[in-house]
Amino acid sequence: MDRTAPALTVSTSAHRRGLFRESEPFSSGWLPTGGPHEIFYEECGNPTGKPCVILHGGPGGAINPTMRRFFDPAKWRMVLFDQRGCGRSRPNASLEDNTTWTLIEDIERLRVRLGIEKWCVFGGSWGSTLALAYAIKHPERVESLVLRGVFLVTARELRWFYQDGASMMFPDAWARFCAPIPLEERGDMMAAYHRRLTHPDRRVQAEAAAAWSQWEGDTISIRGPEARPSKFNEIDFAIAFARIECHYFVNGGFFDTPDWLIENAHVLKDIPGWIVQGRFDVVTPLESAWRLRNAWPTARFEVVWDAGHASTEPGVVDALVRATDQALRI
Ligand code: STX
């Protein structure tokens with residue numbers, strides 16, 4: 001079979017599964033890291049169930065109760081945590097010692113603290129990036145991978161979303177994204193935003209953060225603005241989200257080479273994997289999931305026809321809950 005052009009499974013099913021029921025954590029706490037950061041985590045579902053870890057997006061996002069609903073709470077022991085500087089982790093919005101590699105150390109610290117040997121790793125968007133990097137560094141700890149909205153933090157993806165590409169599809173939202181930046185700085189929007197988001201005056205950070213976060217909120221779902229997460233309107237969330245995203249992106253995700261995840265994807269070959277991708281994902285376009293699938297041909301690959309980037313697109317929910325049910329049997 002021609003490995004460069006695998007058959008594409010395209011989902012458009014009218015009979016779609018929904019999220020699992022809501023559940024409350026059975027434990028939670030703050031994990032010390034030995035450095036300035038403390039990591040907020042929670043465990044949900046069945047304390048004797050199969051372990052999984054759920055990685056949030058951004059980077060700079062946070063966990064929320066909906067993220068517990070992609071796994072059957074009767075069967076899984078779900079671990080969720082707020083990444084460094086995010087959500088309830090402390091200190092909030094801090095960029096110190098905050099890189100892909102320190103996040104991977106936190107995942108390992110949490111795994112050891114909870115006495116888990118191996119787990120299913122679940123992540124969308126930046127959560128998929130972190131899941132892939134973690135699996136490449138610690139393949140023996142990853143029982144399976146369930147990924148959505150694949151994001152490789154390449155220069156090409158960043159140029160598409162923050163400079164020239166998505167701007168053509170959302171000129172109205174793009175105009176709002178450009179508004180805080182003077183014309184002479186618009187040739188490098190990430191650099192212009194980085195200066196403001198690291199500015200000592202919190203008001204300067206806040207103005208930039210609101211516009212940065214709004215751009216992502218405006219483009220996230222095929223269902224339009226009513227599907228935008230309400231968190232994007234909270235200024236404390238927006239500041240952490242924008243500061244941390246921009247810090248990671250100006251640093252190319254802290255990867256050693258520009259295409260590090262694809263170059264190292266061969267390490268994943270024996271890990272069972274599911275890739276779920278919305279065809280009309282404007283934040284992390286399908287090309288990256290496609291490239292990952294070609295580099296990791298044993299992964300199941302499902303393109304959801306009527307979906308954008310959000311984890312809550314109905315077709316994406318359906319594909320993800322089917323994937324986690326299949327992962328139970330690994
Ligand atoms: N950032 C993609 C990402 O990981 C470029 C992401 N986008 N929105 C989110 O995450 C949240 C909905 C989690 C805030």
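Start by selecting strand E6 (119-124): with three residues, E6 gives the largest share of the lining of the largest pocket. Strands here are DSSP runs of E with at least two residues, helices are runs of H or I with at least four, and both are numbered from the N terminus. This is a predicted model, where local features need pLDDT of at least 70, side-chain atom pairs count only at pLDDT 80 or more, and totals for chains, interfaces and linings use all residues. Residues are numbered from 1 along each chain as its sequence is written, and side-chain values use heavy atoms, with hydrogens and water left out.

Now show the pocket itself, about 670 Å³ in volume. (On a 1 Å grid over the protein atoms alone, a pocket is an open set of points where a 1.4 Å probe fits, with protein on both sides within 12 Å along at least five of seven lines; lining residues have an atom within 4 Å of a point. Volume is the space filled by probe spheres set on the points, which are joined across faces, edges and corners.) Of its 31 lining residues, pick out Asn-64, Met-67, Arg-148, Pro-229 and Ser-311, the closest to the centre. Strand E4 (50-55) and helix H8 (235-250) also give two or more residues each.

Next stop: the second largest pocket, with about 220 Å³ of space. Select Thr-154, Ala-155, Leu-158, Met-190 and Phe-249, which lie closest to its centre among 16 lining residues. Helix H3 (155-162) provides the largest share of this lining, four residues, and H8 turns up again with at least two.
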